[in-house]
Amino acid sequence: MTLEVALEDRHAGHIVPATLVERIDVTYARRTDDLWLTFLAAEVARARAAATSLSLPEHAHWRWERKVAAAGHLLPYPTLAIEFESEAQGLMMLKTDGEFARLPGETGKPLVYVVFLATAPWNLPAVVARPRFRGVGTVLLRAAVETSLDLGFKGRLGLHSLSQSEPFYAGLGMTALGNDPKKENLNYCEMTPAQAVAFVR
Amino acid sequence: MNFETMRDWLARKLAHADDTVVAAGGTSLDALRQDAEARTVTPAVLADVPTEIGKVVRYVREQQGWSRRELADLADIDEIEVVRIETTLDPPLAPRTVVNVARVCNFSTRRFQQLAKHIAIHEDHAANAVQLRFAARSANVGSVTPEEFDAVRALVEVLSEKALDQK
């Protein structure tokens, strides 16, 4: 299923219609890897030719095909995509069972866990001087909150933030619970039902 | 939700929190694979299922990681029907239930109906019929041997052959 959503096209200077795909398959993930990794390789080559180098975030090298192949066939592991003109601008894998809140007052209540979230390389300031789209993470997290609401989890959401993204999750009103040695020492962030209501408003 | 609503909402959110460098992760591919594998079917989960039809449904359900509720929703049937298939001996199933469950489990409707004893079994298939009738009535023995587990897997494979449906 697909839904009409929106993204900010920073080249055009306004918000444009985009499409949310609710579950992608391995073929889709492979196609997206081809697109993203080829773009990235070209930018790396360009930087090298100009005698500079790019400082790339780890997730720029992710192979989504492997992630989707590992768990994408299971119902509780949907991978969502946001597209503009049929090209994936961002991907997010969710886990919708067996994950529980850690925040005081919410402890033990079920939540939707964001396993992986990343944007296309042409949207990343670390890769290009003028990133194309903004809103990828905002719209995908909105979809994660809606999934949580649909499941009766009241919008509760958990994720491990890559270090450069922490200010964004704080800006959404998520609570950071500190570095988690079980998850590459990344900062665990959680959204409460009240924070979810404020976010979708 | 329409585009205009989404556009206005996104503009408000982006003004408040810039998402340019958003990313989340921390789960290794190995951990992901381990969790997926932990959900694959083990003989133990089939031990309490009294019928072969129940075993194949339970097998596919476990393999897909579906709860009974999720399978019921996908097949557009009551959850109690799934419980009945998986836990009762000789379940009285509505024809619609059988057809819908076959569709969701990606089984040949014809073969699954046969297993559920919902269609008359033709004389020509007498040998096959005996086998299926036996299979449909096999009682719970409290545990599943590797041979029995293989037999269930083989039955799932047979049911997944849909060539008969095309005719």
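**Reading two chains**

Reply: Start with chain B: among its contacts with a separation of 6 or more, 59% join residues 24 or more positions apart. A contact means two C-beta atoms, placed from the backbone, within 7 Å. The model is predicted: local features need pLDDT of at least 70, side-chain atom pairs count only at pLDDT 80 or more, and totals for chains, interfaces and linings use all residues. Residues are numbered from 1 along each chain as its sequence is written, while chains are lettered from A and ligands numbered from 1 in the order in which they are written.

Me: How many helices and strands does chain B have?

Reply: Helices (H or I, at least four residues) and strands (E, at least two) are DSSP runs, numbered from the N terminus. Chain B has 11 helices and 0 strands.

Me: In what order do the strands of the open sheet in chain A run?

Reply: Two strands pair if DSSP finds at least two bridges between them. In chain A, the order is β6-β1-β2-β3-β4-β5-β7-β9-β8, with mixed pairing.

Me: How do β1(A) and β2(A) run, parallel or antiparallel?

Reply: They run antiparallel, joined by 8 bridges. Ala6(A) stands opposite Pro17(A) in β2(A).

Me: How many residues of each chain are in contact with the other?

Reply: Chain A brings 41 residues and chain B brings 29. On the chain A side, β5(A) gives the most, with 6 residues.
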